[in-house]
Structures are given as structure tokens and as C-alpha cells.
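Good morning, everyone, and thank you for having me. Please take a moment to look at the sequence and the structure, and then I will walk you through some parts of the fold.

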Amino acid sequence: MNIRQHKRGLSVMARISPRSGRTKIAQRFIAGYGLILRTLVRKADDRILVRHSSPTSLSPVSRALGKNSYLNPSTKGAGLFSFVRCADSTQLLFILLIAFTVGLGSSCSRQHAPQSQTATRAVTDEAGRRVVLPQKIDRIISLAPNLTEIVYAVGAGHRLVGDTTYCDYPEPAKNVAKVGDTMNPSVERIIALRPQIVLVSTASQLEAFTNQLSAQQIAVYVTNPQSLDDVFRSIQTLGDLFSEHDRAAGTVAGLQKRTETIEAGMRTAKPIKVFYQVAGEPLYTIGRDAFLTDLIRRAGGISVTTDVPGAFQRFSDEAALASKPEAIILPTGGPMGEANSTVVSALKNSPAVLNSRVYKINGDLLSRPGPRLVDGLEAMARALHPEAFK
């Protein structure tokens with residue numbers, strides 16, 4: 001069939017068609033993309049077929065719209081002219097216009113949309129949960145001060161878009177958008193900040209809160225360190241998640257070297273019985289699963305509550321009196337600062353108080369399982385065994 005004759009026939013039909021508005025659009029399409037149309041017609045008439053092997057051959061836009069990629073068997077091998085002969089010409093032009101516009105938009109989206117926006121990976125967090133994350137993470141929210149410190153330590157601080165009111169270190173963390181405190185974050189604020197991942201500490205994990213974010217397709221990653229080595233692993237793992245492996249590895253290596261130096265000085269020291277007072281009224285202390293129990297051991301002590309199940313537990317006055325600690329550690333500052341400023345009354349007559357071995361240490365260095373925990377280890381070791389540092 002001659003192309004000019006076919007176009008002349010279409011032009012005549014366009015003039016007599018009552019759908020003039022749509023026809024004018026089709027005419028502009030022909031005028032602007034005539035060469036493309038002629039090429040398509042020539043290829044179709046020569047039986048040049050495009051093989052569609054699977055639905056994945058469709059454009060992203062078509063896949064999103066749920067279009068079927070299978071060709072109609074009645075027209076698969078007949079070329080474009082078989083379609084022209086059995087279709088209303090005006091409708092054909094209009095359909096071609098729509099198809100070309102959608103295809104052009106799809107092509108642009110493929111050129112400008114980075115693959116990292118759709119590529120995902122599955123990881124297991126420290127609570128044993130399967131978490132699906134983007135390959136590249138650019139928007140992070142931290143719901144615990146220690147996690148905020150880790151994000152900065154591994155070089156991803158510029159990607160932090162939200163944290164808590166307790167996140168005050170390092171200095172730039174104070175200027176990050178606040179989503180509430182650790183125990184009561186605002187789900188609405190978190191969603192509004194469009195994070196790709198929300199970091200949660202088990203100390204502040206709320207199941208309902210986690211479920212709400214999961215329902216919004218926001219990944220929640222939980223950390224659960226129970227020892228200093230676990231903290232080092234958390235630092236490295238988060239560094240890897242944020243594509244900062246080398247920076248994280250360097251940070252961990254430096255912290256491990258400092259830890260080994262401290263522990264070397266404690267090898268000949270006699271272990272001291274230590275009571276760690278988390279809060280005085282009511283009395284709370286650390287248990288077997290607390291990372292601080294491991295920290296006390298590395299600092300040349302032994303926690304008198306090392307056999308108490310759990311991490312942070314309510315403790316009776318009678319049990320505290322019976323423990324007879326040789327030293328008491330009071331973490332100062334932070335939200336528990338004033339409530340924990342003095343030794344609980346049940347321990348007033350303990351060997352630790354009678355021998356003036358009550359040590360106040362910056363709580364931020366002890367209560368945050370992050371990079372500065374090694375600073376807390378050193379402060380604790382110096383308090384329990386000053387002779388090793390002379």
C-alpha cells in the first residue's frame with residue numbers, strides 16, 4: 001500500500017469525522033512525527049516483528065498500569081497494516097498519539113530514575129527480624145542517642161533527617177529535625193520526613209509503633225547490643241548498610257585497640273565487687289544481659305547483679321543491702337541525673353559507702369552503646385583501679 005495514498009485517505013476521513021477535536025490532535029501527531037510513523041509502518045509491512053519474551057519487556061509505566069505483554073495471536077504476524085485495515089483511522093491516530101506520549105514519558109523516567117530507588121536487599125536486624133532496605137540509603141531517622149552517634153561515626157551524619165530530643169552528640173545532631181523523645185516518637189513526624197530506614201534501640205522499641213511504620217513501608221532496623229563486642233558489630237553493620245564500610249572498619253579498629261590497651265592494664269588487678277545504680281527511687285540496676293555488665297568486667301570489676309536475669313531490672317532494698325558492694329557507680333547527667341544523684345538509702349552502710357568508693361561517671365559515656373562507650377570503659381577502669389594508670 002502506498003503511504004501517500006493511505007495518508008490522503010486518512011485526511012479525507014478526518015475532515016468528515018465529527019470528532020474534530022481529537023482529529024486535530026492526531027493531525028499534529030502525524031505532522032510532527034511523520035518519519036517515525038512511516039518507519040513503523042514500513043517495518044510492520046515487511047513483517048519485522050519484535051519478540052516479546054515475557055511481561056518484563058514492557059516499560060515501567062506499562063508494568064505499573066498492569067498491561068499485558070502478550071501479543072494478540074490474531075495480529076502477531078500480520079504487520080501494522082492488518083490493524084489499519086480493521087480499525088477506524090481517527091481512533092488509530094489517537095491511540096498512536098497516546099502510545100507515543102506514554103512511551104516517551106516512560107523513556108524519560110528510565111533515563112532519570114536511578115536504579116537505587118527500586119533496587120532492594122533483605123537483611124536481618126539484631127532482633128532477628130527480616131528487613132527489606134533500599135540498596136542506597138539517603139534518608140535516615142534515629143530513635144536513640146547511641147544510634148545517632150553511630151550514624152555520625154561511620155560518616156553518614158549528613159543523611160540523618162530526624163532524631164530524638166535526647167540526641168545531642170555530636171554537635172550537628174542538635175540541629176536535626178526532632179521527632180519526639182525516645183519513648184514517645186511522633187509517627188506523623190517520622191512519616192512526613194520520608195525516611196528510608198528508622199533505627200530503633202530495643203530499650204525504646206514499641207511493637208505497635210514498629211507495626212505502624214511497617215504499614216507505611218518504612219523499614220525499621222532494631223539493634224540489640226549486649227556486650228562491647230556487640231556494639232562494635234553494630235557500628236560495622238550500620239556502616240555497611242550505609243555503604244560506609246571502610247569508615248566503619250576504621251572506627252571499630254581504633255576502638256578495639258583502645259579497649260585492648262585498657263584490658264591489658266587490668267590483667268593483674270584484683271576484681272572489685274561493683275553495684276551499678278541505674279536509678280535510686282525506685283531502685284534499678286543492671287542484669288546479666290546488660291552491656292554494662294560486660295563493661296564492668298573489662299574495667300577490672302564484677303557486677304554483684306551479674307546473675308540477675310534481664311538487662312535493666314527493678315531491685316529490692318533488701319537485695320541491694322545483701323549484695324555488699326565494694327564500689328558503687330552512679331551515672332550522672334541525662335534524664336536520670338537528678339533522680340540518681342545520691343546513693344540509695346539501702347546502700348548507705350555498704351562497704352562501698354563506708355570506704356568512700358562511690359564514683360560518679362558521665363552517664364552519656366555509659367548508657368549509650370555507641371563509639372563513646374570506650375570512653376566510659378576507660379573512666380570506669382580509672383575509678384576502680386587508679387594504680388594501673390600511674
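Predicted model: local features only at pLDDT ≥ 70, side-chain atom pairs only at ≥ 80, totals over all residues.

Let me start with serine 356, which is found in the loop between helix H14 (351–354) and S12. When I say helix or strand, I mean DSSP runs, H or I of at least four residues for helices and E of at least two for strands, numbered from the N terminus. Residues are numbered from 1 along each chain as its sequence is written, and side-chain values use heavy atoms, with hydrogens and water left out.

Back to serine 356, then, which has a positive phi of about 55° although it is not a glycine. Most residues other than glycine have a negative phi, and most peptide bonds are trans. With a relative accessible area of 64%, serine 356 is exposed; here buried means under 20% relative accessible area, exposed over 50%, and partly exposed in between, with a 1.4 Å probe and protein chains only. Serine 243 also has a positive phi, of about 60°, without being a glycine, and its place is in the loop between H10 and H11. Serine 243 is exposed as well, with a relative accessible area of 53%.

S12 runs parallel to strand S11 (residues 327–332), and five bridges join the two; strands count as paired if DSSP finds at least two bridges between them. In this pairing, proline 331 stands opposite isoleucine 361 in S12.

Which strands make up the open sheet with parallel pairing? There are four of them, in the order S4-S3-S5-S6, and the edge strands, each pairing on one side only, are S4 (160–162) and S6 (219–223). From one strand to the next the twist averages 35°. Five bridges join S5 (residues 197–201) to S6, and leucine 199 stands opposite tyrosine 221 in S6.

Now to the helices around this sheet. Helix H7 (residues 145–153) is mostly covered, since nine of its nine residues are buried, and those buried residues pack against strand S3 (140–142), S4, S5, S6, H10 and H11. Just after H7, glycine 155 takes a positive phi of about 90°. H10 lies across S5 and S6, running at about 160° to S6.

How do H10 and H11 cross? Two packed helices are described by the angle between their axes and the distance between the axes. The axes of H10 (residues 228–241) and H11 (residues 245–266) come within 7 Å and cross at roughly 165°. Those axes are lines fitted to C-alpha atoms, for helices over the stretch in contact, and angles run from 0 to 180 degrees between N-to-C directions. H10 and H11 are therefore roughly antiparallel to each other, a label used for angles over 145 degrees, while under 35 is roughly parallel, 65 to 115 roughly perpendicular and the rest oblique. Among the residues that meet here are Phe232 and Ile235 in H10, and Val252 and Leu255 in H11, where contact means heavy atoms within 4.5 Å.

Serine 323 is found in helix H13 (residues 317–323) and, at 11% relative accessibility, counts as buried. Leaving aside its neighbours within four places in sequence, serine 323 is in contact with Lys273, Phe275, Val304 and Leu347. Asparagine 175, in the loop between S4 and helix H8 (187–192), is exposed, with a relative accessible area of 70%.

That loop between S4 and H8 is also the place of proline 170, which is joined to tyrosine 169 by a cis peptide bond with omega of about -5°. A cis peptide bond also joins glutamate 281 and proline 282, again with omega of about -5°, and proline 282 is found in the loop between strand S7 (272–279) and strand S8 (284–286).
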